[in-house]
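Please look over the sequence and the 3D structure shown below.

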Amino acid sequence: MPGIIYHLAFAEEIYRRINKAINNVEFFSGNLIPDLVIDKKLSHYRIPASTPGFEVPNMGVVKSNLYDINNAINIGMYCHLYLDYHFINNYLIPEFIWDTDNNKVINPRNGLEWPVSQFWAPASKGGIMYKGYTQINRLMFENGHISKKTLDILPDILPSTGIPIFDNRRELSWRDELNSYLAENEPYTGEILDYDRLWSSISSIAKKFVNEEL
């Protein structure tokens with residue numbers, strides 16, 4: 001659910017806390033790969049979440065298939081899906097009121113509400129959720145959660161994983177996707193997503209990952 005910028009920032013947080021040597025190019029690549037595939041349903045091992053309308057990775061299957069502390073790419077992909085699972089369950093679902101009876105999404109912090117269809121619409125159609133992400137994207141860079149050094153070491157074409165569902169990728173590269181997001185100039189208002197709350201959640205999830213998984 002979170003986009004490439006948030007996965008990069010999450011990977012940075014984890015990498016800074018890892019006590020053992022791990023290949024940084026492979027680790028960061030793994031953190032990006034699940035969203036670059038043609039069939040994201042397969043790469044995300046999706047099952048219904050606790051709230052209707054949401055899907056999350058089946059972490060039991062994910063761990064069985066990908067968790068290998070000696071394989072930096074696989075650990076990176078595991079990190080990606082770990083963030084998706086906890087971001088949806090621990091941040092996104094609690095952050096809003098999901099009024100299914102009236103087909104609305106309500107922000108309890110300010111009372112703003114949107115039709116569900118508008119909230120989840122793609123960016124090209126003015127989707128509210130994607131607008132919220134766009135408003136925060138540049139803040140993630142400006143506040144140092146993603147380093148230029150990390151971007152410079154990653155190849156445009158990320159390494160193969162040896163797992164077909166992750167190696168069947170779309171043509172748009174991760175760098176093209178990143179640049180397209182950063183080219184969008186949407187001033188931050190905090191009306192949709194609160195930057196501090198979002199970053200606090202990502203940071204907490206990273207700490208949880210390091211404490212429980214490494």
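Leaving out residues up to four places away in sequence, Ile205 touches Phe10, Tyr82, Leu83, His86 and Phe87; contact here means heavy atoms within 4.5 Å. The model is a predicted one, in which local features need pLDDT of at least 70 and side-chain atom pairs count only at pLDDT 80 or more, while totals for chains, interfaces and linings use all residues. Residues are numbered from 1 along each chain as its sequence is written, and side-chain values use heavy atoms, with hydrogens and water left out.

Ile205 is found in helix H11. Helices (H or I, at least four residues) and strands (E, at least two) are DSSP runs, numbered from the N terminus. Is Ile205 buried or exposed? Its relative accessibility is 5%, so Ile205 counts as buried. The cut-offs are these: buried is under 20% relative accessible area, exposed is over 50%, and partly exposed is in between, with a 1.4 Å probe and protein chains only. Ile205 and Ile14 are 191 residues apart in sequence, yet their C-alpha atoms are 9.4 Å apart in space.

The next topic is the nonpolar core. This term stands for a set of buried Ala, Val, Leu, Ile, Met, Phe, Trp, Tyr and Cys residues joined through side-chain atoms within 4.5 Å. The largest nonpolar core has 66 residues, of which Phe10, Ile14, Phe27, Phe87, Met140, Trp174 and Leu193 touch the most other members. Among the elements that give two or more residues to this core are helix H1 (4–17), helix H2 (24–32), helix H5 (72–95) and helix H11 (195–213). H5 gives the most, with 14 residues. Which residues does Met140 contact, leaving aside neighbours within four places in sequence? They are Ile5, Tyr6, Ala9, His145, Ile146, Tyr195, Trp199 and Ile202.

Ser29 is in helix H2. Its relative accessible area is 0%, so Ser29 is buried. Apart from neighbours within four places in sequence, Ser29 is in contact with Leu154, Leu158 and Pro159.

Now for some loops. Asn23 lies in the loop between H1 and H2, and at 38% relative accessibility Asn23 counts as partly exposed. Asn23 and Asn70 are 47 residues apart along the chain, and their C-alpha atoms are separated by 9.7 Å. Most residues other than glycine have a negative phi. Tyr45, however, has a positive phi, near 50°. Tyr45 sits in the loop between helix H3 (40–43) and strand E1 (46–48), and is buried, with a relative accessible area of 15%. Asn103 also has a positive phi, near 55°. Asn103 is in the loop between strand E3 (97–99) and strand E4 (104–106), and at 45% relative accessibility is partly exposed.

Consider next the chain as a whole. There are eleven helices and five strands. The radius of gyration is 17 Å, close to the 17 Å that the globule rule gives for 214 residues, so the chain is as compact as a globular protein of that length. The radius is taken over C-alpha atoms, and the rule is 2.2 Å times the number of residues to the power 0.38. Buried residues make up 50% of the 214 residues. Of the contacts with a separation of 6 or more, 66% are between residues 24 or more positions apart.

On a 1 Å grid over the protein atoms alone, a cavity is a set of points where a 1.4 Å probe fits but cannot get out, and a pocket is an open set with protein on both sides within 12 Å along at least five of seven lines; lining residues have an atom within 4 Å of a point. Grid points are joined across faces, edges and corners, and a volume is the space filled by probe spheres set on the points. The largest pocket holds about 610 Å³ of space. Of its 27 lining residues, Met1, Pro2, Gly3, Lys40 and Tyr130 are the closest to its centre. H7 supplies the largest share of this lining, four residues. The structure also holds one cavity of 30 Å³ or more. The largest cavity has a volume of about 50 Å³, and the residues that line it include Gly3, His7, Asn31, His80 and Glu177.
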